[in-house]
Amino acid sequence: MSLRFLARSLSAPHAGPVRIGNLSGTRRVLPAMATHWHHQIRSVTTNTAAQPSNTQEATTIVSTRIDADNLHVKWQPLAASTVNESDYSYVWLRDNCQCGQCVHPSNRQKLHSTADVPLEIQPVSVTLKDSVAEVVWNMPLRHQQQGEQHVSQYPIEWLQRYASRENSEFYRFNHIQHRTWEAQDYKLKWISYDDYMNTDQGLHQVVQRLYNSGLVFLDNVPLNDDSVTKVAERIGPVQETFYGRDFDVKSIANSRNIAYTSLYLGFHMDLMYLDCPPGIQLLHSLKNSVTGGSSIFVDSYHAAKILKEQHPEDYEILTKTPVTFHYVNDGHHMYYRRPTIVVGEDESSGPAWNMHVNYAPPFQGPMDHLSAKDAKRFYQAFQRFADVVEDPKLRYELTLQPGQLVLFANRRVLHGRTEFDPTSGDRHLKGTYLTLDSLKDKLRVLCEKYGFDSSV
């Protein structure tokens with residue numbers, strides 16, 4: 001969120017003097033027992049994170065005061081916000097000083113530890129000048145020698161950013177909401193490779209669609225082996241796995257993965273046996289002249305929603321029962337347990353989806369940690385979820401032609417492939433992975449610049 005405020009004055013009751021600054025740069029000092037009084041702050045039009053950059057609103061600070069532990073600011077709230085008063089503890093303020101001595105001016109990393117802030121720290125004075133609040137502190141950080149009093153600086157837009165949980169959620173785009181879909185709801189929209197690779201607008205459209213529906217298609221992608229990694233690196237660095245930076249999906253003899261056969265490949269997610277499974281998968285069609293071999297997709301969030309509505313007890317079991325995933329082959333022994341449905345995992349790490357689904361039947365290992373009774377309950381719940389996943393109404397099917405590429409959220413959109421006849425032609429897809437962090441990073445940066453469109 002980009003919010004800018006220009007202040008005329010700041011006042012507060014305080015045991016010591018409180019210095020007041022104004023726009024002209026002059027300063028004056030309040031008496032020690034000055035009472036709480038209201039002051040107006042000239043507002044500047046500002047952007048809200050939920051809107052495109054050309055949509056602006058204005059706001060003001062109504063009043064301020066301090067007590068033994070906190071700086072209190074009363075805001076005139078934006079239409080998009082319900083916050084009207086904020087409390088900033090002195091310990092928190094000192095820890096988050098924005099001056100060049102506390103935050104490196106180029107790499108923007110903190111130059112002290114949270115553990116260095118004295119719990120009893122207090123302000124000697126609070127001054128507002130040229131839209132920056134300055135606080136002079138009564139003691140140094142722990143382990144520092146007493147010396148010249150430290151002056152912390154806080155841009156007013158920075159204070160507004162952290163004025164409430166709601167404001168900070170807007171700043172990080174944690175408030176945006178995805179939409180679930182079944183086959184008839186998904187609207188295919190091809191995005192050209194040139195637009196995606198060469199314009200911010202094309203890239204922005206892709207990352208928004210990846211967040212909104214978890215499934216995006218590009219066309220006119222060059223038929224080169226490295227095209228898939230070039231597309232991935234437009235968003236972020238590829239997530240290399242034991243398959244390498246990229247991998248080939250085609251039918252081969254004595255394959256080490258069921259994907260490298262011509263058999264029907266049921267709905268699944270990749271690499272659930274890793275500690276950090278890939279967030280985004282890309283598949284680029286280089287050749288596809290076979291009979292069959294269509295790509296199939298299901299929004300697992302929609303399937304989980306249906307299961308919760310129809311069989312809430314089974315939904316609960318799948319959120320609480322860890323499933324064994326493993327890969328024991330080709331000199332590897334990968335192993336991890338995670339529930340089929342994970343909710344609430346991303347409440348503090350957004351923007352991301354508010355859940356994950358972990359579903360990869362070909363790579364499930366023995367559920368050797370369950371009692372006989374718990375195993376039966378799990379199998380019943382899992383079978384009901386599988387029945388929902390396999391419902392034809394949820395299944396979106398498309399045959400990727402040479403030069404077409406799909407990006408999808410690996411822990412949201414289930415993917416698979418219909419069986420094909422390997423003697424009828426050639427089928428060769430090239431794939432790679434991205435972390436979910438890369439998508440979130442790019443989404444925040446572009447939405448800060450262009451806004452977020454939930455209809456994309």
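Leu128 stands opposite Ala133 in strand β9 of this predicted model, where strands, like helices, are DSSP runs numbered from the N terminus (strands: E, at least two residues; helices: H or I, at least four). Strands β8 and β9 (residues 132-137) run antiparallel and are joined by six bridges; two strands are taken to pair if DSSP finds at least two bridges between them. The two strands form a hairpin with two residues between them, and Asp130 in the turn has a positive phi of about 50°. On the β10 side, β9 pairs in the antiparallel sense over five bridges, with Val135 opposite Ser152. Five of the six residues of β9 are buried, so that the strand is mostly covered, where buried means under 20% relative accessible area, exposed over 50% and partly exposed in between (1.4 Å probe, protein chains only).

Residues are numbered from 1 along each chain as its sequence is written. Local features in the predicted model need pLDDT of at least 70 and side-chain atom pairs count only at pLDDT 80 or more, whereas totals for chains, interfaces and linings use all residues; side-chain values use heavy atoms, with hydrogens and water left out.

A second open sheet contains six strands in the order β11-β12-β23-β15-β26-β13, with mixed pairing. Strands β11 (190-192) and β13 (247-249) lie at the edges, each pairing on one side only. From one strand to the next, the twist averages 30°. Helix α5 (residues 200-212) packs on the sheet, touching β11, β12 (215-219), β15 and β23 (405-409), and its direction makes about 150° with that of β12. Strand β13 is joined to β26 (residues 427-434) by three bridges, and the two run antiparallel. Within this pair, Phe247 has Gly431 of β26 as its bridge partner.

His284 is placed in strand β15 (residues 280-288). Its relative accessible area is 0%, which makes His284 buried. With neighbours within four places in sequence left aside, the contacts of His284 (heavy atoms within 4.5 Å) include Val221, Pro222, Leu223, Asn224, Gly403, Gln404, Leu405, His428 and Leu429. Pro422 lies in the loop between β25 (420-421) and β26 and counts as partly exposed, at 42% relative accessibility. The C-alpha atoms of Pro422 and Gly292 are separated by 9.3 Å, although the two residues are 130 apart along the chain.

In helix α7 (residues 300-310), the buried residues are Ser300, Tyr301, His302, Ala303, Ala304, Ile306 and Leu307. These residues pack against β17 (295-299), α8 (312-320), β20 (341-343), β21 (355-357), α9 (372-389) and β24 (413-417). The N-terminal end of α7 is capped by Asp299, a side-chain oxygen of which lies 3.1 Å from the backbone nitrogen of Tyr301.

No disulfides are found in a search of the whole structure, a disulfide being a pair of cysteine sulfur atoms within 2.5 Å. The sulfur of Cys97 has its closest cysteine sulfur in Cys99 at 3.4 Å, which is too far for a bond. Cys97 is buried at 1% relative accessibility, whereas Cys276 is exposed with a relative accessible area of 55%.

For the chain as a whole, 10 helices and 26 strands are assigned. Of its 456 residues, 52% count as buried. Among contacts between residues at least 6 apart in sequence, 70% join residues at least 24 apart. The chain exposes about 20700 Å², of which carbon and sulfur atoms supply 48%; accessible areas come from the Shrake-Rupley method with a 1.4 Å probe, and for residues only the protein chains shown count as cover.

Methods: Polar contact = N/O pair within 3.5 Å; in protein donor to acceptor, adjacent residues only side chain to side chain. Axes fitted to C-alpha atoms, helices over the stretch in contact; angles between N-to-C directions.
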